[in-house]
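Student: I would like to learn how to read a few features from a model. Where should we start?

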Amino acid sequence: MAALLEMRGIVKCFGAVRANDGIDLDAQAGEIVGLLGENGSGKSTLMKLLFGMMPPDAGGIVFRGRELSDHNPRMAAEAGIAMIHQHFTLVEAMTVAENIMLGWQDAGWRLKRREIADRIRETSRRLGLELDPSARVGDLSLGRRQRIEILKAVLRDAELLILDEPTSNLAPPEVAELLAILRHLRAEGKGIIFITHKLPEVLDVCDRVVVLRAGRVAGFAPVAGADRATLARMMVGRDVPAPQNLSGSGTGATRLSVSGLGGAGIGPMDLTLSGGEILGLAGVDGNGQLELAETLAGLRAATGGSVMLDGRDITHASVSARMTAGLAYIPADRSSTALVRGMTIAANLMLRDSARPPYARRGWLTKRATQTRAAALMQGFDIRAPSPAVPAGRLSGGNQQKIVIARELDRNPGLLIAHQPTWGLDPGATHFVMERMLALRAAGAAVLYISSELEEVLAISDRVAVLAGGAIAGIMPRGGVDMAQLGLWMSGRAA
Amino acid sequence: MSDALSATPATRIALRRQGLLPRILGAVLLSFIIAALLIALTGHNPLTAFAAMLGGVFGSPYQIGEALNRTSPYLLAGSGVALCFRAGVINIGADGQIAMGGIGAAGVVLLWPGQPGLLSAVAAIIGAALCGAAWAGIATAIHLGRRVHEVLVTLLLNFVALLLVQLALAGPLGQPGAGFLQSRPLPRADWLWRAPHVFFHGGIILGVIAALALSVLLWKTPFGFAIRVTGQSRRAAAYAGFSAAGITWGVMLTAGGLAGIAGGTEVLGLHHRLIEGFSTGFGFKAVTVALLGALEPAAVIPAALFVGLLESGALSMQRQIGVPSALVVVIEGITMLLILAATVRRA
Ligand SMILES: Nc1ncnc2c1ncn2[C@@H]1O[C@H](COP(=O)(O)OP(=O)(O)OP(=O)(O)O)[C@@H](O)[C@H]1O
Ligand SMILES: [Mg+2]
């Protein structure tokens, strides 16, 4: 059987960066190909070339036996390729059905609402998508919205689906459901290219993997018989040990003490964190994680209670006063809060410290000192880009995340609030970030580690708390973690 | 105005690669061709018309000076508008701020007569700046305090300022029995300095200084950094600890002050009195030159010069060979449209 997709010798350079350096990739109908690789290894670039978002410098693409060149996304979609973007292209004020009809030729000129709704319901049932055609998109969870995109692709007769890190902003149950949907699609004979950094997902659903490193194919293997360690070694080129959490003392003085804190979507809640301690906050996303993090960081007003940091009352302090008091914050929303995509790496590294040395002296921005510091941070955190003057938006997703982490850790904070800090990081980088957090703890800082990934939370925390329905459902020391109890807490009052 | 910290070097490199300059020149050329066709349609020889235009700008030192005087308010107000736009504050109230500046300058000179020349001039300029800034300040207070969109506030205050000029001219500053609403003439001693032989007044010099200063502010200071971040992402700015209100106040007062000076120099340097409606349309020209200069204060200098010279030339074309005045406006519009189309950043 001829391959559904053949990509041969694909080359794409951005200036001196060879993002794709002669890549071959095949995909068959009825197969899920896992595309793996370190941050910046060229996965997203390869998919953008395939989908016609930019032209390759060299190489050829054959899809369903036909040469695909000089194409744009529209032509790729007509040929039968669909790309599920991280940032969905849906209109929130419209219903599921209306979104699916948007720009769809087969929908015809007249709005055949009833027919379309029937087709949506039928396909949705067949694939296990559970979508209600009349639901308003704005009311749906991210996971549901993603399914609209998938449904859109299927209704438009896509034969190949590209999913670039589709699970990174999903809650674990939604991830499981997405993987089930992918299996359905495979059973219907669709080809799927699935990019992820999470090896359990790969082992769970992929038929084979292709691993990229520095723009080249570093290896490929069937998934049957592979294990996590093998895949990790293929990706990074060395063994990736699990982070060594030699349990923290947590005996330092109290650094953060929250009592009766309330605000939109949270509270009232009590929380204390000592120096030298990592408190992991688990729970299904959307249960007040964002609200709590932003209230602590000063981006949302507290309506009651108090927050003390190192004995200072910061309940109503400004964002910059909190930073001065030693609070660092890694937001989960990378694209519009944590980074300014249009500005350079250097500007993003100085984003929250622009009036302080080394970035400014005597009221003037420094040029050389800024460059030096930026270059040092890029080196120290392995941020891969040609120079600090490259706009942050041009970096690969994982490398953008490293900018945020470098900036917040470089300040030597007394309290770090880290919300999904490993989002989009490859296993090596995740390991590195974990190590840095442990080092921060060893230096006496307190860390509030908020993540919907239980595995990560358990690996790094000294105590584990669960956030459900905007309140702390319970806290237990890591030593005596009772998984059943954790599960109960999570589901208990969860929305 | 380079700075490796900003998006500009990369943008600049990208623009150079895309050939921005040739595109601007191409747009200018195209607009002149269209203009030639339109002129031919009205039954005039385009070549004669363009010759008249060129002569109108560079024909004599006096005409050069006149073109520069036209440029001056656009530059002063436009560089301030560019600063506001950089912060994402859409200030279209330069019209009103210029009008208030005019009142301020005329008010100081006429109501506080007999001061020595230099003191009087400096006081008048300061008065103009303060009035312009106050007007922008009122807009800012309403915008921030009552959460009314800044476009609406600044636009509506333009009409109020216009009425205030009329009120001032009907009252304390007016010249009774003049037939139109205008103030008493300003005493010669209080006129703004003019360059010998070329006759441009001091406004253009203030404008160049202001544009360069704003450029330094934007690229070399932490406040400028905060402005740029705020303009790109409000959420990121809040996360960085920048106060959106503080930045809005900063850019609005600065822009208002500069627009006020623009109004003051019109009164002190050009009309030598306050005239009803002297500021009308300047606010939109300020927006135009700010956009033409890609919101880069230093680049507003050539942008304002271009518009000033074009207008000056077009007017003399009208005077000399009678190309209808409406056509002049049309040509101006086409030129600006084409240049904006050629320079717009691709998303
Ligand atoms: N538009 C661009 N301009 C310049 N360089 C780019 C551009 N897009 C990607 N790159 C560079 O190409 C390389 C590959 O990036 P790509 O986004 O494909 O990586 P990735 O494998 O998807 O990484 P991640 O796992 O972090 O998402 C990176 O070094 C990146 O900086
Ligand atoms: Mg990527």
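Tutor: With polar contacts. A polar contact is a pair of N or O atoms within 3.5 Å. Keep in mind that this is a predicted model. Here, a polar backbone atom of Gly398(A) is 2.7 Å from an oxygen atom of ligand 1.

Student: Which side chains place a polar atom 2.9 Å from an oxygen atom of ligand 1?

Tutor: Asn39(A) has a polar side-chain atom 2.9 Å from a ligand oxygen. For His197(A), an N or O atom of the side chain is likewise 2.9 Å from an oxygen atom of ligand 1.

Student: Which elements give two or more residues to the shell around ligand 1?

Tutor: They are β2 (17-27), α1 (43-50) and α14 (397-410) of chain A. The most comes from α1(A), which gives three residues. The shell also draws at least three residues from each of domain 1 (5-236) and domain 2 (254-490) of chain A.

Student: What is the make-up of the shell by class?

Tutor: Four residues are nonpolar, ten polar and four charged. Of the 18 residues around the ligand, those that come nearest are Gly40(A), Ser44(A), Thr45(A), Ser396(A) and Gly398(A).

Student: Let us turn to helices. How far apart are the end C-alpha atoms of α15 in chain A?

Tutor: First work out the expected span, which is 1.5 Å times one less than the number of residues. Helix α15(A), residues 427-442, has 16 residues and should therefore span 22 Å; the end C-alpha atoms are 22 Å apart, in agreement.

Student: What is found at the start of α15(A), and what follows the helix?

Tutor: At the start, a side-chain oxygen of Asp426(A) comes within 3.0 Å of the backbone nitrogen of Gly428(A). After the helix comes Gly444(A), with a positive phi near 100°.

Student: Which residues of α15(A) are buried?

Tutor: Buried means under 20% relative accessible area. Among the buried residues of α15(A) are Pro427(A), His431(A), Val433(A), Met437(A), Leu440(A) and Arg441(A).

Student: And Thr370(A): buried or exposed?

Tutor: Thr370(A) has a relative accessible area of 0%, so this residue is buried. Thr370(A) belongs to helix α13 (residues 368-380) of chain A. A polar atom of the Thr370(A) side chain is 2.8 Å from the backbone oxygen of Thr366(A).

Technical notes. Residues are numbered from 1 along each chain as its sequence is written. Chains are lettered from A and ligands numbered from 1 in the order in which they are written. This is a predicted model: local features need pLDDT of at least 70, side-chain atom pairs count only at pLDDT 80 or more; totals for chains, interfaces and linings use all residues. Side-chain values use heavy atoms; hydrogens and water are left out. Helices (H or I, at least four residues) and strands (E, at least two) are DSSP runs, numbered from the N terminus. Buried means under 20% relative accessible area, exposed over 50%, partly exposed in between (1.4 Å probe, protein chains only). A polar contact is a pair of N or O atoms within 3.5 Å; within protein, one must be able to donate a hydrogen and the other to accept it, and residues adjacent in sequence count only if both atoms are side-chain atoms. A residue is near a molecule or strand if one of its heavy atoms lies within 4 Å of it. Ala, Val, Leu, Ile, Met, Phe, Trp, Tyr, Cys and Pro count as nonpolar, Asp, Glu, Lys and Arg as charged, and the others, Gly among them, as polar. Domain bounds come from an automatic or database domain assignment.
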